[in-house]
Amino acid sequence: MARDKKKTRLHLKFSAFSVILTVISIAIIGATFYTTLNYWFQIYNKHKELAELDNKYKKLKKKGAALKVDVNKMQDSDYIARYAREKYLYSKDGEFILNIK
């Protein structure tokens with residue numbers, strides 16, 4: 001009978017240790033899974049943001065090239081005179097402007 005009590009105590013100690021070890025293991029695995037999943041979401045969001053910024057960069061690059069062309073055109077005085085006449089309805093002496101829309 002004394003032996004049975006020792007086995008029961010040992011079994012209870014071992015059983016409690018197993019439960020505690022299992023709970024700690026599950027907590028560690030859960031924390032690792034949560035952290036990994038969180039990092040994957042952050043990486044995914046950064047890739048989306050990178051794609052959006054890349055598209056925006058390409059659009060701005062095209063706009064910058066167009067502005068450079070406009071700057072080069074503005075160096076020509078004939079172009080400036082024609083642009084002012086068309087855009088702001090300026091006229092030369094003796095010239096009449098008819099605005100037809």
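Let's start at Y83, which at 31% relative accessibility counts as partly exposed. Partly exposed here means between the limits for buried (under 20% relative accessible area) and exposed (over 50%), with a 1.4 Å probe and protein chains only as cover. Before going further, note that this is a predicted model, in which local features need pLDDT of at least 70 and side-chain atom pairs count only at pLDDT 80 or more, while totals for chains, interfaces and linings use all residues. Residues are numbered from 1 along each chain as its sequence is written, and side-chain values use heavy atoms, leaving out hydrogens and water.

Y83 has a partner. The structure holds one aromatic pair, where rings of Phe, Tyr and Trp (its six-membered ring) pair if their centres lie within 6.5 Å. Y79 and Y83 form this pair, with 6.1 Å centre to centre and 25° between the planes, and it is stacked; planes under 30 degrees apart count as stacked, over 60 as edge-to-face and the rest as tilted. Y79 counts as buried, at 18% relative accessibility. The two tyrosines, Y79 and Y83, sit four residues apart in helix α2, so about one helical turn separates them. An α-helix has 3.6 residues a turn, so residues three or four places apart point the same way.

Now for the helix itself. The chain has two helices and zero strands, both kinds being DSSP runs numbered from the N terminus (helices H or I, at least four residues; strands E, at least two). Helix α2 covers residues 77-88, and its 12 residues should span 16 Å at 1.5 Å a residue, which agrees with the 16 Å between its end C-alpha atoms. The expected span is 1.5 Å times one less than the number of residues. After α2 comes L89, whose phi is positive, near 60°.

Y83 also belongs to a nonpolar surface patch of about 510 Å², together with M74, I80, Y88 and Y90. Patches take residues with over 30% relative accessible area and no salt bridge, joining like charges within 9 Å and nonpolar side chains (Val, Leu, Ile, Met, Phe, Trp, Tyr) within 5 Å. I80 is placed in helix α2 and is partly exposed, at a relative accessible area of 38%.

Helix α1, residues 2-73, is where K46 and E49 lie, three residues apart or about one turn of the helix. These two form a salt bridge, with the closest N and O atoms 4.0 Å apart; the rule asks for a side-chain nitrogen of Lys or Arg within 4 Å of a carboxyl oxygen of Asp or Glu. K46 is exposed at 57%, whereas E49 is partly exposed at 39%. D54 and K58 meet in a salt bridge too, at 3.6 Å from N to O. D54 and K58 are four residues apart in helix α1, so about one helical turn lies between them. D54 is partly exposed at 34%, and K58 is partly exposed at 45%. The count comes to two salt bridges.

Finally, the whole chain: buried residues make up 2% of its 101 residues. The chain exposes about 10,200 Å², of which carbon and sulfur atoms supply 64%, with areas taken from the Shrake-Rupley method and a 1.4 Å probe.
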